Amino acid sequence: MEDTDLIILWGSNARETHPIFFHHVLKGIHNGARTMVVDPRRTSSAQWADLWLGLDVGSDVALSNAVAREIIAAGLENRAFIEHATTGFDEYRRSVEPFTLARGEELTGVPAEAIRGLAHAYATADRAQLCWTLGITEHHNAVDNVLALINLALLTGHVGRYGSGINPLRGQNNVQGGGDMGALPNKLPGFQDVQNDALRGKFEAAWGVPVPSANGWHLSQMFEAMEHGDLTTLYVIGENPAQSEADGERARALLSGLDHLIVQYIFLPRTAAMADVVLPAAASWAESEGTVTSSERRVQRVRKALSPPGQARDDMAILGDLARLLGHDWGTPSAEQVWDEVRSLSPMHTGMSYARLEAMGGIQWPCPHDRHPGSPILHDRLWRVPLEGPAAPFHALQHRPPVDVLDDQFPLRLTTGRTLDSYNTGVQTGGFRSPIRTGDTVDICPEDGRRLGIDDGERVQVSSRRGALEVRARYVDVLRPGLVFMTLHFPDRVDTNRLTIDAWDQKSGTAEFKATAVRIDKIAAPAGAAH
């Protein structure tokens, strides 16, 4: 890589949460790329960075606007790209004008000179990758946060070119593939809008049944529907919402109040323990045939290596039997036959036969016909003359702080995340030991610990507006005063989601796991205990 190549990790501790991807980041660093990390914590990823911008939780839009304002003020915007491939620039420029470096520092806690450094480095880099993950999306303004980063890419032209782009790192294996196949409340396979009559009609003709024309509920809306009595039966496949949802006490109460709960899973997590029916499923990565789609949109084959144990069955077989019992006989199609149906209905997958996937080691969508090589670069159309397709819009955005405000009663900001040795609610990782596992703790900076009279390793009570729990305090040097950190990995011992707020983004439905107001108190000694 050249000296002016830049990698930005914004709201991503990839060193611990995407370790395989981070090996590629390290290769870039060793080849001369500069790295900058935007994160409230000085994470293990930030320790590799040339510049760390430790922003206040929930101030990402303000920081992005300040970066943009500095780029424009310095005359570093890519004017030719903006005029050729974008819309809405003048309104965007006016919207960021108040976000001076001084104002940016006031709103974000990031020194003005660091904001200036990021702005100039990003705008002048020959190639730049802007990567983000849950630190951007687990907020009440998640979509605004993402659009704020897209604005920066459009402003500088760092999109649609080899080595330059925007990269939302997926939090779990095949998240991309799930969305591609229509596991979204408003899309059919291939991201085809369910409200589009022509697109919906294509699926109705193939399936022989009417497809609802209205958008469905996303996860947060499902829990609201449970609360209102509009959703009384739930079918959960491969999820553990009893422990993964924000405001966990409320989530479990609503799940308990369902008329009927079905869980299909390879393990027996807490949600399955609450279920009326449990359907044991195969582990798709080793016990099923099919495909998987990576974060780079690469569809690859998955091959069955083992037979499922006991009564566990392939997901496709379970769904087929349920359909038959409900009056729709789908037969017993192979995984390849199901995939061929996807290809017949989703234009972006049409050219991806099993034979081609195997011969080419995977293909990146869109791949519209069987001679197409796939699309390593997604947005290169923005550089073609004349422009192909619609122009990319800028979005004027305003800073909206976290919903759970800090005050005298709850003065500390809790943010949550994952660690290298564990995964989500621990269903897949909690059954084995790890020499690097620190266990269930609330991480706190020594300065806050001493101010609160709390010793390193002492058991304390952490409280929010929704609940309280006891946990061991751990001193760490990666947190600034006022910020504390917990994981969600050990809910049977420390139910962190008892504290988190269920405020959610109205566009995406994502809950604000990253910004909770808490207090930490010493646990009073039992009456009569020795001092």
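Reader: At what angle do the axes of helix 3 and helix 6 cross?

Author: Axes are lines fitted to C-alpha atoms, for helices over the stretch in contact, and angles run from 0 to 180 degrees between N-to-C directions. Helices (H or I, at least four residues) and strands (E, at least two) are DSSP runs, numbered from the N terminus. In this predicted model, where local features need pLDDT of at least 70, side-chain atom pairs count only at pLDDT 80 or more, and totals for chains, interfaces and linings use all residues, the axes of helix 3 (residues 60–73) and helix 6 (residues 101–108) cross at roughly 165° and come within 9 Å. That makes helix 3 roughly antiparallel to helix 6; angles over 145 degrees count as such, under 35 as roughly parallel, 65 to 115 as roughly perpendicular and the rest as oblique. Residues are numbered from 1 along each chain as its sequence is written, and side-chain values use heavy atoms, with hydrogens and water left out.

Reader: Which residues of helix 3 and helix 6 meet?

Author: Contact means heavy atoms within 4.5 Å. Ala 62, Leu 63, Ala 66 and Glu 70 of helix 3 meet Leu 101, Gly 104, Leu 107 and Thr 108 of helix 6. By class, this contact has 5 nonpolar, 2 polar and 1 charged residues. Here Ala, Val, Leu, Ile, Met, Phe, Trp, Tyr, Cys and Pro count as nonpolar, Asp, Glu, Lys and Arg as charged, and the others, Gly among them, as polar.

Reader: How do helix 3 and helix 9 pack?

Author: Their axes are 9 Å apart, at an angle of about 15°, with helix 9 spanning residues 142–156. That makes helix 3 roughly parallel to helix 9. The residues of this contact divide into 9 nonpolar, 3 polar and 2 charged.

Reader: What is the phi of Asp 247?

Author: Asp 247 is not a glycine, yet its phi is positive, about 50°. Asp 247 is found in the loop between helix 13 (241–244) and helix 14 (248–256).

Reader: How much space lies in the second largest pocket?

Author: On a 1 Å grid over the protein atoms alone, a pocket is an open set of points with protein on both sides within 12 Å along at least five of seven lines, a cavity is a set where a 1.4 Å probe fits but cannot get out, and lining residues have an atom within 4 Å of a point. Grid points are joined across faces, edges and corners, and a volume is the space filled by probe spheres set on the points. The second largest pocket holds about 380 Å³. Among its 23 lining residues, Glu 16, Arg 41, Thr 419, Asp 443 and Arg 474 are the closest to its centre. Strand 20 (483–487) gives the most to this lining, with 3 residues.

Reader: What lines the largest cavity?

Author: The lining consists of Asp 440, Thr 441, Met 486, Thr 487, Phe 490, Val 494 and Thr 496. The volume of the largest cavity is about 40 Å³.
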